[in-house]
Amino acid sequence: MARAFSDDLRCRILRAYEPGKVSLRELAERFGVSWEYVRKIRKQHLRYGQMERVRQRRHGPVSRVTAEVQQMIRTQVRAHPDLTLWELQRQLQKHKQIWLSKSLLGLWRKKNRSTPKNKTVKKDAAAGKRGGSR
């Protein structure tokens with residue numbers, strides 16, 4: 001992805017621009033940038049009154065999983081390792097008034113090795129009958 005031009009270059013271009021003496025196209029050629037770029041920064045300078053880049057707003061919704069919520073999840077899991085995801089969701093809803101999906105909790109199931117193995121014995125593939133009935 002292309003990187004943004006530095007604020008220093010923006011300031012030099014805008015300082016060099018004097019209405020009526022130099023055109024935006026001449027500035028673009030002099031500084032080796034596109035005419036659209038010079039036009040854009042001039043428009044921003046007129047609108048916001050600052051030569052430096054205008055800070056962009058954050059796109060999308062703000063995450064509900066804050067550092068405080070993450071810390072609460074860690075504390076609850078350490079204190080009660082047998083807590084189910086559903087119970088953890090309920091506690092978060094009760095104490096923090098937020099509902100997080102299982103994927104947002106950031107916890108994944110771990111294989112439980114304490115349960116006994118399946119008692120069903122698998123049949124040997126060679127012991128089976130071959131072919132169809134005649």
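Guide: Let's begin with Phe31, which is partly exposed, with a relative accessible area of 21%. Buried means under 20% relative accessible area, exposed means over 50%, and partly exposed lies in between, using a 1.4 Å probe and protein chains only. This is a predicted model, in which local features need pLDDT of at least 70 and side-chain atom pairs count only at pLDDT 80 or more, while totals for chains, interfaces and linings use all residues. Residues are numbered from 1 along each chain as its sequence is written, and side-chain values use heavy atoms, with hydrogens and water left out.

Visitor: Which residues does Phe31 touch, leaving out those up to four places away in sequence?

Guide: A contact means heavy atoms within 4.5 Å. Phe31 touches Leu9, Arg12, Ile13 and Ala16 on that basis. Ile13 is 18 residues away along the chain, yet its C-alpha atom and that of Phe31 are separated by 7.4 Å. Phe31 itself belongs to helix α2. Helices here are DSSP runs of H or I with at least four residues, strands are runs of E with at least two, and both are numbered from the N terminus.

Visitor: How should I describe the packing of α1 and α2?

Guide: Two packed helices are described by the angle between their axes and the distance between the axes. Axes are lines fitted to C-alpha atoms, for helices over the stretch in contact, and angles between N-to-C directions run from 0 to 180 degrees. Here α1 (residues 7-16) and α2 (residues 24-31) have axes 10 Å apart and pack at about 140°. That angle makes α1 oblique to α2; under 35 degrees would be roughly parallel, over 145 roughly antiparallel, and 65 to 115 roughly perpendicular, with oblique for the rest. The crossing of α1 and α2 is right-handed, a term used when the near helix is turned clockwise from the far one by less than a right angle, with anticlockwise giving left-handed.

Visitor: Which residues of α1 and α2 meet?

Guide: From α1 come Leu9, Arg12, Ile13 and Ala16, and from α2 come Leu27, Arg30 and Phe31. Sorted by class, this contact has five nonpolar, no polar and two charged residues. Ala, Val, Leu, Ile, Met, Phe, Trp, Tyr, Cys and Pro count as nonpolar, Asp, Glu, Lys and Arg as charged, and the others, Gly among them, as polar.

Visitor: Which residues in α1 are buried?

Guide: They are Leu9, Arg10, Cys11, Ile13 and Leu14. Their cover includes α2 and α3 (35-48).

Visitor: Can we try the other pair: at what angle do α4 and α5 cross?

Guide: Helix α4 (residues 67-79) and helix α5 (residues 85-96) cross at roughly 130°, with axes coming within 11 Å. They are therefore oblique to each other, and their crossing is right-handed. Glu68, Val69, Met72, Ile73, Gln76 and Val77 of α4 make the contact with Leu88, Gln91, Leu92, His95 and Lys96 of α5. By class, that contact has six nonpolar, three polar and two charged residues.

Visitor: Is Gln76 buried or exposed?

Guide: Gln76 is buried, at a relative accessible area of 17%. Apart from neighbours within four places in sequence, Gln76 contacts Leu83, Leu88 and Gln91.

Visitor: And how many helices and strands does the protein chain have?

Guide: It has six helices and zero strands. Of its 134 residues, 19% are buried. Among contacts between residues at least 6 apart in sequence, 43% join residues at least 24 apart.
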